[in-house]
Amino acid sequence: MTRGGKRLWAVFLLLCVLASGILPVKADTQEYRQQLLKAYSSAPENSSAKIETLLSQLEVESPAQGTMWRQIMSDWDRLNHSGFASRRGLQEGLAQDDSLCIVVFGYGLNTNGSMKQELYDRLNIALQAARQYPNAYIAVTGGETAGVKGISEAAVMAIWLMNNDIPENRIILEKTSLSTTENAQNTCTILNQKYPQIKQLAVVTSDYHITLAAAALQTACTYSAAMRGGREMTVVAGASCATSTSVGNNLSTQAWCISAITGTRWTSSSTASAVQKETEPEPQEEFYAADDPMAFEEESDTWYE
């Protein structure tokens, strides 16, 4: 047989194998995931039937993706009905050992590296929670928003907590993030790598921001457990400081965060409010994170040191 004939025969055999279904074909689940985000963010109270249909279809296309997204959607709805925005302290009944971690989301620093009043308010809620649960870890999160090299939100927050008698060995620093999405992803990575005992998470931030923060953190943990071999961690509580900013409905921004974490296209024509701009970059007309589920994987395990 000539060389050309051999090539044609090889192509013929490959087509036969593909037609027989022996080789798995990767399902394109982008459309299902995008539609799930759109369904809930546009009509949360009237979308249950559509969401169930989409989840069932996704489970057929990709059982693993279907299982993960069923959990993501369930938690997203749960956290939007949590009432965290009106709670000024953590509830009783959380874990009394070091399986609980209180995650405090940072707030932009002044240009000289000092804290703004809203960050003091968040920390006062966190301090109350730390005293309520004296064996819990406290994760402080936020990068160099002052523009001063070496001064991060997390570092300034940690110093304040230590000055208020919280031992250094209880404090976890995440000091590289510049957005709520990064806060959530980086914190989840650190907890997975260094603190295997932590199972419960409690979120502390401002009233208008807490549902977004909780949804982002829970999604990051669910995604990590399903796609990267991380362990399950659950946002079980939240407390927030009161502000003059309207809490409002920020489901579009929540959907944007979830899309970024899960590598899902997200198209939004809505204009971000001033509050959303402060917590997240303004969404582009189409945001697309890579299809590769490892797109947000950290290359090094020493980036946070």
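Tyr195 counts as buried at 19% relative accessibility; buried means under 20% relative accessible area, exposed over 50%, and partly exposed in between (1.4 Å probe, protein chains only). The model is predicted: local features need pLDDT of at least 70, side-chain atom pairs count only at pLDDT 80 or more, and totals for chains, interfaces and linings use all residues. Residues are numbered from 1 along each chain as its sequence is written, and side-chain values use heavy atoms, leaving out hydrogens and water.

**Overall fold**
- The protein has ten helices and seven strands. These are DSSP runs numbered from the N terminus: helices are H or I with at least four residues, strands E with at least two.
- Of the 305 residues, 49% are buried.

**Aromatic pairs**
- The structure holds two aromatic pairs. Rings of Phe, Tyr and Trp (its six-membered ring) pair if their centres lie within 6.5 Å; planes under 30 degrees apart are stacked, over 60 edge-to-face, the rest tilted.
- Tyr40 and Trp76 form a tilted pair, 4.6 Å centre to centre with 50 degrees between the planes.
- Tyr40 sits in helix 2 (residues 30-42) and Trp76 in helix 4 (residues 63-80), 36 residues apart.
- Tyr40 is buried at 3% relative accessible area, and Trp76 is buried at 2%.
- Tyr137 and Tyr195 are edge-to-face because their planes stand at 65 degrees, with ring centres 5.0 Å apart.
- Tyr137 lies in strand 2 (residues 137-141), and Tyr195 in the loop between helix 7 (180-194) and strand 4 (200-206), so this pair ties together parts 58 residues apart in sequence.
- Tyr137 is also buried, at 14% relative accessibility.
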